[in-house]
Amino acid sequence: MARPKCPKCDHTRFESTLISPKNGNFKMLAVHCAKCGAIVGMADCHDVGSMVQCLAEGLNISI
Ligand SMILES: [Zn+2]
């Protein structure tokens, strides 16, 4: 079984934090090492799939 570890310090625990990229007018979710803070992944802070589903239902569109 894979056990994720930080590529910088080998720590195995992670946290997530909302960040605003410089010169950006949006937020993203950063997954980072709980010990050294190295970012290991980024994701949209909104669940885009759920948003599209809600919009389609609101507009009576079948997807
Ligand atoms: Zn680390």
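What radius of gyration does the protein have, and what value would a compact globule of 63 residues have? The protein has 17 Å, whereas a compact globule of 63 residues would have a radius of gyration near 11 Å. This radius is taken over C-alpha atoms, and the globule rule is 2.2 Å times the number of residues to the power 0.38. The structure is a predicted model, in which local features need pLDDT of at least 70 and side-chain atom pairs count only at pLDDT 80 or more, while totals for chains, interfaces and linings use all residues. Residues are numbered from 1 along each chain as its sequence is written.

The C-alpha trace spans about 50 × 35 × 10 Å along the principal axes of the protein. Of the 63 residues, 2% are buried. A residue is called buried if 20 or more other C-beta atoms lie within 10 Å of its own, exposed if 12 or fewer do, and partly exposed in between, with C-beta atoms placed from the backbone. Among contacts with a separation of 6 or more, 29% are made by residues 24 or more positions apart. Two residues are in contact if their C-beta atoms, placed from the backbone, lie within 7 Å.

The protein contains one helix and three strands, and these follow the pattern β-β-β-α along the sequence. Helices (H or I, at least four residues) and strands (E, at least two) are DSSP runs, numbered from the N terminus.

The three strands form an open sheet in the order E1-E2-E3, with antiparallel pairing. E1 and E3 are the edge strands, each pairing on one side only. Neighbouring strands of this sheet are turned against each other by 25° on average, direction ignored. For such angles, axes are lines fitted to C-alpha atoms, for helices over the stretch in contact, and angles run from 0 to 180 degrees between N-to-C directions. Two strands are taken to pair if DSSP finds at least two bridges between them.

Strand E1 (residues 14-19) runs antiparallel to strand E2 (residues 28-33), and six bridges join the two. Phe14 has Cys33 in E2 as its bridge partner. E1 is hardly covered, the count of buried residues among its six residues being zero. E2 and E3 form a hairpin with five residues between them, and Gly37 in the turn has a positive phi of about 85°.The segment before E1 includes Pro4 and Asp10. Pro4 is partly exposed because 13 other C-beta atoms lie within 10 Å. The C-alpha atoms of Pro4 and Phe14 are separated by 9.1 Å, the two residues being ten residues apart along the chain. Asp10 counts as exposed because it has 10 C-beta neighbours inside 10 Å. The phi of Asp10 is near 70°, a positive value in a residue other than glycine. Most residues other than glycine have a negative phi.

Helix H1 (residues 48-58) has eleven residues, of which the number buried is zero, so the helix lies largely in the open. Ala56 lies in this helix. Ala56 is exposed because it has 12 other C-beta atoms within 10 Å. Leaving aside neighbours within four places in sequence, Ala56 is in contact with Ile61 and Ile63. Asn60 is placed in the segment after H1, and takes a positive phi of about 60° just after the helix. With 6 C-beta neighbours inside 10 Å, Asn60 counts as exposed.
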